[in-house]
Amino acid sequence: MDAAAGDRGGAAGQRLVTQRAGLSLVTDSLPRLHRTADSLVVAWGGYVSDAQLREKALRMALRVPTDSLNPVLDRLSMLGRARNRTVSRTDVTEHMVDVQARLANLRVVRDRLRAYLQQAPQMSDVVTLERELARVQGEIDALEARQRHLASQVALAEVSLDAERPRVLGPLGWLVVGVGKVIEKLFVIR
């Protein structure tokens with residue numbers, strides 16, 4: 001068993017979990033919600049990765065520390081009328097362990113190739129070893145990037161905030177709603 005396989009993502013028994021949340025609000029002031037959500041997320045140690053403010057809708061992609069996810073969602077929910085709130089979690093411990101094991105193995109191969117390169121007697125061997133060394137180093141770089149990405153996903157939860165202004169019915173709208181309620185009472189008593 002290699003050292004990377006023994007380290008199961010940090011502390012023994014610790015699971016690595018990514019979190020995603022969605023929050024849908026109705027609010028009278030989209031610009032105020034935009035400003036408040038931005039400052040709230042920054043105050044909790046996160047950041048806004050994308051924001052689109054339009055006349056009738058706001059969409060924000062937020063990243064917040066995982067341990068602050070629920071308090072941030074609670075605070076954001078107070079900024080309007082919440083229509084929908086979801087949280088999903090994905091365990092990525094096995095992915096991280098796999099990446100760590102592959103990295104450890106590739107580093108051993110890279111070190112062997114470097115040692116062989118020092119002892120290569122012919123130029124053709126040097127060229128072949130350098131080509132293989134470059135390929136292995138490329139795989140190591142890609143896996144290290146994947147490892148950093150997974151660590152970032154575990155550390156910061158993704159929050160998708162969608163908001164819209166409330167719909168205001170005109171006179172005909174109220175008439176249709178009223179007729180609808182009367183028709184409903186004809187078919188459903190309770």
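1. Asp 125 in this predicted model sits in helix α5. Its relative accessibility is 31%, so Asp 125 counts as partly exposed; the buried class would need a value under 20%, and the exposed class one over 50%. Between the C-alpha atoms of Asp 125 and Leu 103 there are 25 Å, with the two residues 22 places apart along the chain.

2. Helix α5 covers residues 123-155, and helix α4 covers residues 93-119. Two packed helices are described by the angle between their axes and the distance between the axes. Here the axes come within 9 Å and cross at roughly 155 degrees. Because of that angle, α4 is roughly antiparallel to α5; the cut-off for this label is an angle over 145 degrees. The crossing of α4 past α5 is left-handed. As for the residues in the contact of α4 with α5, 16 are nonpolar, four are polar and nine are charged.

3. Val 92 belongs to the loop between β4 (81-91) and α4. With 7% relative accessibility, Val 92 counts as buried. Leaving aside residues up to four places away in sequence, Val 92 touches Leu 16, Thr 18, Leu 150 and Val 154. One of these, Val 154, is 62 residues from Val 92 along the chain, yet their C-alpha atoms are separated by 8.3 Å.

4. Thr 18, a contact of Val 92, is part of strand β1. Thr 18 also counts as buried, because its relative accessibility is 13%. Beyond residues up to four places away in sequence, the contacts of Thr 18 include Ser 88, Arg 89 and Thr 90, as well as Gln 153 and Val 154.

5. The largest nonpolar core has 20 residues, and those touching the most other members are Leu 62, Val 64, Leu 69, Leu 76, Val 159 and Leu 161. At least two residues of this core come from each of β1 (17-26), α2 (30-43), β3 (57-65), α3 (69-77) and β5 (156-164). Helix α2 gives the most, with five residues.

6. Which residues does Leu 161 touch, not counting residues up to four places away in sequence? They are Leu 23, Leu 25, Ala 37, Leu 58, Arg 59, Met 60, Leu 62 and Leu 76. Two of these partners, Leu 62 and Leu 76, are themselves among the core residues that touch the most other members.

7. There is also a second, separate core, made of 14 residues. Its members include Leu 16, Met 96, Leu 103 and Leu 106. Among them, Leu 16 is a contact of Val 92.

Note on methods:
Residues are numbered from 1 along each chain as its sequence is written. This is a predicted model: local features need pLDDT of at least 70, side-chain atom pairs count only at pLDDT 80 or more; totals for chains, interfaces and linings use all residues. Side-chain values use heavy atoms; hydrogens and water are left out. A nonpolar core is a set of buried Ala, Val, Leu, Ile, Met, Phe, Trp, Tyr and Cys residues joined through side-chain atoms within 4.5 Å. Buried means under 20% relative accessible area, exposed over 50%, partly exposed in between (1.4 Å probe, protein chains only). Helices (H or I, at least four residues) and strands (E, at least two) are DSSP runs, numbered from the N terminus. Contact means heavy atoms within 4.5 Å. Axes are lines fitted to C-alpha atoms, for helices over the stretch in contact, and angles run from 0 to 180 degrees between N-to-C directions. Angles under 35 degrees count as roughly parallel, over 145 as roughly antiparallel, 65 to 115 as roughly perpendicular and the rest as oblique. A crossing is left-handed if the near helix is turned anticlockwise from the far one by less than a right angle, and right-handed if clockwise. Ala, Val, Leu, Ile, Met, Phe, Trp, Tyr, Cys and Pro count as nonpolar, Asp, Glu, Lys and Arg as charged, and the others, Gly among them, as polar.
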